[in-house]
Amino acid sequence: MTKIRSSRQIILVTGPARSGKSELAETMAADSGKSVIYVATGKIDQADREWQNRIERHKNRRPPEWKTVEAIEELSPVVRSTDRSNCLLIDSLGTWTANLLEQEATVWEQTQQDLLASLHSAMADVILVGEETGWGVVPAYPAGRLFRDRLGTLVRHIGAIADGVYLATGGYALNLTALGTRLPAIK
């Protein structure tokens, strides 16, 4: 696994559900040698016990010295507010996208562009965890298709500007930046 360099980097870790992408991102953040800020995008829902258990598992894996910031909707200001001494670990883009799914298309496009601009100007290292949702059946419902399309496009945009892109699947991580060919930017 490649360690984060001393200069600022954007790293994208992607993969399917339960693939180890969060654990890979956590290891990279711990190895950065910087103060880690874990950016949680999940809404706390006391009525959803299974979701609460997932959040607790994530919390229990993190070192106690890591700072946690919640960014349920406003992610760009968090990216802009950190300095070179920090490593941001944003987990996850899928949850953040789901939180904003009700935004109209033009508002979502602006929100997405604002996040990309904040990543371009980021002073801190930023590690983003993004789910791969488009590898299965086409969702039967419009909201599912909208989520899949928005998240897929967002992950591709971030992959285009990332210094490193990793795929976690089957108990392994692949450095796609080293193995793959960068696709043209989305128009």
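This is a predicted model: local features need pLDDT of at least 70, side-chain atom pairs count only at pLDDT 80 or more; totals for chains, interfaces and linings use all residues.
R62 sits in the loop between α2 (49-61) and β3 (67-70). Is R62 buried or exposed? R62 is buried, yet it has no salt bridge. The nearest side chain of opposite charge belongs to E26, 5.7 Å away, and a salt bridge would need a side-chain nitrogen within 4 Å of a carboxyl oxygen. Leaving aside residues up to four places away in sequence, R62 touches Y38 and T68.

**Who does E26 pair with?**

E26 does have a salt bridge, and its partner is R61: their closest N and O atoms are 2.8 Å apart. This pair ties together distant parts of the chain, with E26 in helix α1 and R61 in helix α2, 35 residues apart. The two ends sit in unlike surroundings. E26 has 8% relative accessibility, so it counts as buried, whereas R61, at 32%, counts as partly exposed. Salt bridges that share partners also bring in E23, joining E23, E26 and R61 into one network.

Helix α1 itself covers residues 21-31, and its buried residues are K21, S22, L24, A25, E26, M28 and A29. So what comes after α1? The helix is followed by G33, whose phi is positive, near 75°.

**The other salt bridges**

A search of the whole structure turns up seven salt bridges.

| Pair | Closest N and O atoms |
|---|---|
| E26 and R61 | 2.8 Å |
| E56 and K59 | 3.8 Å |
| R80 and D114 | 2.8 Å |

As a general point, an α-helix has 3.6 residues a turn, so residues three or four places apart point the same way. E56 is partly exposed at 33% relative accessibility, and K59 is partly exposed too, with a relative accessible area of 39%.

R80 and D114 make a salt bridge with closest N and O atoms 2.8 Å apart. That pair links distant parts of the chain: R80 lies in helix α3 (residues 76-80) and D114 in helix α5 (residues 105-120), 34 residues apart. Relative accessibility is 41% for R80, which counts as partly exposed. D114 is partly exposed as well, with a relative accessible area of 28%.

**Zooming out**

Of the 187 residues, 43% count as buried. Take the contacts between residues at least 6 apart in sequence: 78% of them join residues at least 24 apart. The accessible surface comes to about 10100 Å², and 54% of it belongs to carbon and sulfur atoms. As for charge, the chain carries 22 positive and 22 negative charges, and their mean positions are 5 Å apart.

Definitions and conventions: Residues are numbered from 1 along each chain as its sequence is written. Side-chain values use heavy atoms; hydrogens and water are left out. Buried means under 20% relative accessible area, exposed over 50%, partly exposed in between (1.4 Å probe, protein chains only). Contact means heavy atoms within 4.5 Å. Accessible areas come from the Shrake-Rupley method with a 1.4 Å probe; for residues, only the protein chains shown count as cover. Lys and Arg count as positive and Asp and Glu as negative; His and the chain ends are not counted. The place of a charge is taken as NZ of Lys, CZ of Arg, CG of Asp or CD of Glu. Helices (H or I, at least four residues) and strands (E, at least two) are DSSP runs, numbered from the N terminus.
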